[in-house]
Amino acid sequence: MLSAKIQVALETAYTKSNLETGLYKLVKAFYAANSNTHFDGIDYVRITEIFNTKKAKNRAELALVCFSVFSNEIVYKAFLASLPASLVKAIEKLLWNDGMDDKQLTAFLKHPITESTGSTGYYSYSSKELLPAFYFFTVKELYNFHNNDRPSFFLFLHPEVKKVLVNYYPKPRHYYLVPIEKPLETVYRFNAEPLILDELPRLISYYLQGNIKYTANGRPMESTLGKLQKSCAIAEFYPSDIDGLNKIRSCLLAGVLYGFSQKNLDLDSVDIIKTLFNKQYFKSYSSKYILNHLKGWGFVSDEYEMQELTEQTLYEVFKEMTVGSWISDTNLIELTECRSLPVKPISETGAGNRLYIDIVSERGYSDKAYIGSDTYPDFILNPYIQGTVFLYASLGLLEIAYTGVDASVLGGTYFSPYDGLMYFRLTKLGAYIFGKTPTYEAEGGRPKNEILLSEDSMMIIANGNMDVIEVMLNNYSEKVGSNRFRITSKLFLKDCKNKKDIENKIALLKKTVNTTFPAYWNQFFDDLIANATAVKANKLVQVFTLPATSKELHRLVAQDSVLKQVVQKAEGFNLLVTNENAAKFKNRMKELGYLVE
């Protein structure tokens, strides 16, 4: 018998109406057909009372009856045997994925699961109803502005139901990441692990200088990627002469950098990668730049249409890998479906209403093809999963093997730039970033960066990767030698507006250099903080300037008895007047024939 806790949890999976329409009728028919069979763990007395009562049944009573067939494997298997073959097939399918709409499930079953109810409304939209037996599943009605077949139904097994039912089925092989012993030959292989520690400082410096342009919602602009790739010498996945594929890595790296700031810098490029995950990637909607080839992102609502936690979910899957073992992209996609992982980056309704590709109609006109639920896997879900592999490969965490892609017609010859992905495997750097190994040493040694502070001046001597160090110190100092930097008051205060800004910048510099300040440095910064409040703007007075050539006005101001009382001080051609006397000053000047604006 199910515990009370599980019983309550299962109730959340269905509405009262859905229970009455679907599962209750199926369960009642099952017990009627097995009236001479006694199954252990079933409260027959209470169930019989509910069957026989003439009063309307509440949801708790319906749930007690319906979920009794989930009590143990024996009764569930017997119940399953009583169901229509198409429903059993649908249960076995939806148990290992996150759901399908009625069109997808109908195609899979080769059996209709809806029936037409005619046309309704001013625009004569066709209407349909779901067959009652298929309310075994949790059902959502979907409305798509670009779909005349309203509504469509999305069917899935609620997570609470799955928690029970998966115990009664053997897990399929693709429930796990399965290493490939002999991967097929591929055209391309790419491993950025030997490159990324040198590329990243150049890329971050280029980004912090404001050279990468983004859309309002944080997607890298296509026009900025070519110069980025050349200026930062970014190695790409595909040759430079293949349009549509020659800037993939530049786009992914630019995308993951969006929102990165000076305070996130670190002496070690490996630690910067960790920061990119913790402070950028996990808090972003990475699909916006991974699926940059789709249009309509500017109209997507983050709050209502984007799905959270997809990045963390995939990250946790990659943590299951072992270094060096090849995994197929098909395995990864099937795993996410099999486990019903929440990896859809945008709701299917949101995609159907917002995202599209440009197409040419049969008559030769330009048109938009929106991403419906039937094309969602091909255009969004699978490319997002594959694109995430490419993103991780861009950072050197995965090595990938892939083929060429015919990128001539989106939606015709290809669905995304990531179509060619076949295999991927974890690198040593990836194992470290995923927390599978405690330390990381790059091939040929991991460069050590060192910053030394002078004891008697504001000079810095640096050793190591100067690309990294220059990016880190650029906001505080000027370079005066091959490995020497100097801090001056002017340079340090260039972007400070108040005392708090100075204190924050000093704290950030301490974090950046990661060493104790000498006494000379502490005194220098103490003086900057003290001097921040030494000179203050006086907002209690106003300054009025007389024209230098008006001798008559000079004499008048100097001799007028009223002006002598309201003008606090005269210096050169400037008059100081307190705010409280400003109105008197202007009125007296009017009386003397001068309008003061």
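**Exercise 1.** At what angle do helix H2 (residues 16–33) and helix H3 (residues 44–52) pack, and how far apart are their axes?

*Solution.* The structure is a predicted model, and each value below is computed from it.

Step 1. Two packed helices are described by the angle between their axes and the distance between the axes.

Step 2. For H2 and H3 the angle is about 115 degrees, and the axes are 12 Å apart.

Step 3. The handedness is considered next: H2 and H3 cross in the left-handed sense.

Step 4. H2 contributes Tyr24, Lys28 and Tyr31 to the contact, while H3 contributes Tyr44, Ile47, Ile50 and Phe51.

Step 5. Sorted by class, the residues in the contact of H2 with H3 are six nonpolar, no polar and one charged.

**Exercise 2.** Which residues of helix H9 (residues 193–208) meet which residues of helix H12 (residues 269–280), and how do the axes of H9 and H12 cross?

*Solution.* 

Step 1. The axes of H9 and H12 come within 9 Å, with a crossing angle of roughly 65 degrees.

Step 2. H9 is therefore roughly perpendicular to H12.

Step 3. The crossing in which H9 passes H12 is left-handed.

Step 4. On the H9 side, the residues are Ile196, Leu197, Leu200, Pro201 and Ile204. They meet Ser269, Val270, Ile272, Ile273 and Leu276 in H12.

Step 5. The contact of H9 with H12 comprises nine nonpolar residues, one polar residue and no charged residues.

**Exercise 3.** What are the angle and the axis distance for H10 and H11, and which residues make the contact?

*Solution.* 

Step 1. H10 and H11 pack with their axes 9 Å apart, at an angle of about 100 degrees.

Step 2. These two helices, H10 and H11, are therefore roughly perpendicular to each other.

Step 3. Leu225, Leu228 and Gln229 of H10 make the contact with Ser250, Cys251 and Ala254 of H11.

Step 4. In the contact of H10 with H11, four residues are nonpolar, two are polar and no residue is charged.

**Exercise 4.** Which side chain meets that of Lys247 in a salt bridge, and where in the chain do the two residues lie?

*Solution.* 

Step 1. Side chains of opposite charge can pair when their charged atoms come close.

Step 2. The partner of Lys247 is Glu222, with 3.3 Å from N to O.

Step 3. Lys247 lies in the loop between helix H10 (222–231) and helix H11 (248–257), whereas Glu222 lies in helix H10. The pair is 25 residues apart and links distant parts of the chain.

Step 4. With a cut-off of 4 Å between the nitrogen and the carboxyl oxygen, the count comes to 22 salt bridges.

**Exercise 5.** In what order do the strands E16, E17 and E18 form their open sheet, and why is one side of E16 and of E17 left without a neighbour in the sheet?

*Solution.* 

Step 1. The order is E16-E18-E17, with antiparallel pairing.

Step 2. Strand E16 (541–545) and strand E17 (567–571) stand at the edges with a single partner strand each, so one side of each has no neighbour in the sheet.

Step 3. On average, neighbouring strands of this sheet are turned by 25 degrees against each other, direction ignored.

Step 4. E17 and strand E18 (residues 574–578) run antiparallel and are joined by four bridges. Within E18, Asn574 stands opposite Glu571, and Leu576 stands opposite Lys569.

Step 5. E17 and E18 form a hairpin with two residues between them, and Gly572 in the turn has a positive phi of about 65 degrees.

Step 6. Helix H25 (residues 582–591) lies across E16, E17 and E18, and runs at about 130 degrees to E18.

**Exercise 6.** How many bridges join strand E8 (residues 356–360) to strand E9 (residues 366–370), and which residue takes a positive phi in their hairpin?

*Solution.* 

Step 1. E8 and E9 run antiparallel and are joined by five bridges.

Step 2. Asp358 has Lys368 in E9 as its bridge partner.

Step 3. The hairpin has five residues between the strands, and Gly364 takes a positive phi near 90 degrees.

Definitions and conventions: Residues are numbered from 1 along each chain as its sequence is written. This is a predicted model: local features need pLDDT of at least 70, side-chain atom pairs count only at pLDDT 80 or more; totals for chains, interfaces and linings use all residues. Side-chain values use heavy atoms; hydrogens and water are left out. Two strands pair if DSSP finds at least two bridges between them. Axes are lines fitted to C-alpha atoms, for helices over the stretch in contact, and angles run from 0 to 180 degrees between N-to-C directions. Contact means heavy atoms within 4.5 Å. Angles under 35 degrees count as roughly parallel, over 145 as roughly antiparallel, 65 to 115 as roughly perpendicular and the rest as oblique. A crossing is left-handed if the near helix is turned anticlockwise from the far one by less than a right angle, and right-handed if clockwise. Ala, Val, Leu, Ile, Met, Phe, Trp, Tyr, Cys and Pro count as nonpolar, Asp, Glu, Lys and Arg as charged, and the others, Gly among them, as polar.
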